[in-house]
Structures are given as C-alpha cells and as structure tokens.
Amino acid sequence: MTLFETVSSLFLFENTDFSALDRRFGIMDSVTVRKYSDGEIFFSCGSEGFPVILSGSAVIVSGRGEKGTVLRSLVSGDAFGAASLFSEEGEHRTVVRAKGDCSVAIVPVETIKTILENEPVCSMNYIRFLSGRISFLNRKIAAFTAGSAEAKLAVYLLSLPSDSGVCRIPCPISALSSTLRIGRASLYRAFDDFARQGIIEKDGRIVRLIRPEELKIFIK
C-alpha cells in the first residue's frame, strides 16, 4: 500500500472522509517515515506518535534482551501502541524490534490529539478500540483464572505470534501444562477437540490456526 493508503486505513479514521480530514488537519504533512534495520529496537518507551508498519515486518517483544518473548508479529498495515499513546509512564515492559528491514509511518501524537479533540467520529473510534481491548483482556484473565482447559488453551493460542496463521509453541507440552495450570491429559484432550472441530491443525509444537475466530467463542 502507499503511504496515504496505509495511514487512511487506520481504525482511527473508520467511517470518515479521510481526504477531508487530511485537508483540515494536515495529517499527511505531519506524518514521518523511519527505516529500521534487522534487530533494531524502536518504541521501547513512551510514544511520539501512532506508528503503523509501512513495509517489512517487526515483532513486539517483552523485555529488552535478545531472549525476550515474542508477543505479536507485525506486518505491513499493522498499527501498534494505541493503548499507550497518551500514557504518562516513562517506560514500558514491551519493545518493538525490526524483523528484517522495515519502515514505519508515524502520525505525531499532537496531530492525533488535535483530531480527537475536534472530530467526534475519530474520538468514538478510539474509545471503541480501547473498550474492545479492555473487554478482551478481561475475558482472557477470566479464562486463565477460572476457565476450562479449552478456554485456557484458546487464550494461549490466540496470544502466540503467528505467520499466516501458523504459530509455534515455544515449550514442551509438559511445560505448557504447568504454565496453564491444567493436567496434561486435559490439555491433550483440548488440542484434540480443537483439531477434531477443524479449528486448528497440530504437528508437534507447530499449530495452524484454521478458524481462529472460533477460538474466541471459548473466551467468555
């Protein structure tokens, strides 16, 4: 996608005339593009704006070290950092690291602030997005603390970074059983149930999410 297409496709501008907003607020004139090399860390603390991957890919990682856990993969068109855009915390526990060469378009925080203060539709888009995040996180907490084996496994699989729906479990099943606090027999049954329903395909530690939306049904 072009720079204009990438920025205009952000959830913030849904149900709006982006060209009109651009003329009014000078959005595209304020956008900057930065290039990063493989392994380079960026947006490790604070946020100077709302970033979106323009080309290439990156990963969100917990911690700063090379051995940090990959939480999410990012590809062209993916935005990140919306929840912490106006955070006053000086440092976050996650960082974003380039996976190969990539470029990132950044809409400055002051531009976003001006838009939210003057454009109700964009403000509602932002509130709706954050509300959805909070709701999903609450369901994840409930599933992990009091859910069934299927619910806990569904939350875990959805949290794994994936490449075209294919993800890798980073530990043996015995260790995963301890992490999720469910018996190994129950965990194997949950995997088998998902596979039998055609929701996933599993080959050792490699799992293909065929119908990931159906996993969300277990997170209530």
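Leaving aside neighbours within four places in sequence, which residues is serine 30 in contact with? Select serine 30 in this predicted model, and then display Ile106, Pro108 and Thr111, which are the residues in contact with serine 30 once those sequence neighbours are set aside. Serine 30 belongs to helix α3, which covers residues 27–30, and it counts as buried because its relative accessibility is 19%, where the cut-off for buried is under 20%. With the side chain of serine 30 shown, follow it to the backbone oxygen of isoleucine 27 at 2.7 Å, and then to the side chain of threonine 111, with which it makes a polar contact at 3.1 Å.

Next, select threonine 6 in helix α1, residues 3–8; at 0% relative accessibility, threonine 6 counts as buried. Apart from neighbours within four places in sequence, threonine 6 is in contact with Met1, Val52, Ile53, Leu54 and Gly77. A line drawn between the C-alpha atoms of threonine 6 and isoleucine 53 spans 8.3 Å, although the two residues are 47 residues apart along the chain.

Now turn to the aromatic rings, among which the count of pairs comes to eight. Phenylalanine 11 and phenylalanine 50 form an edge-to-face pair, with 5.7 Å from centre to centre and 70 degrees between the planes. This pair links distant parts of the chain, 39 residues apart, since phenylalanine 11 lies in the loop between α1 and α2 and phenylalanine 50 in strand β3, residues 49–55. Both phenylalanine 11 and phenylalanine 50 are buried. Selecting Phe4, Phe13 and Phe18 together shows one aromatic cluster.

Finally, select lysine 202, whose charged end sits over the ring of phenylalanine 191, 5.1 Å from the ring centre.

Notes: Residues are numbered from 1 along each chain as its sequence is written. This is a predicted model: local features need pLDDT of at least 70, side-chain atom pairs count only at pLDDT 80 or more; totals for chains, interfaces and linings use all residues. Side-chain values use heavy atoms; hydrogens and water are left out. Helices (H or I, at least four residues) and strands (E, at least two) are DSSP runs, numbered from the N terminus. Buried means under 20% relative accessible area, exposed over 50%, partly exposed in between (1.4 Å probe, protein chains only). A polar contact is a pair of N or O atoms within 3.5 Å; within protein, one must be able to donate a hydrogen and the other to accept it, and residues adjacent in sequence count only if both atoms are side-chain atoms. Contact means heavy atoms within 4.5 Å. Rings of Phe, Tyr and Trp (its six-membered ring) pair if their centres lie within 6.5 Å; planes under 30 degrees apart count as stacked, over 60 as edge-to-face and the rest as tilted. A charge sits over a ring if NZ of Lys or CZ of Arg is within 6 Å of the ring centre and within 35 degrees of the ring normal.
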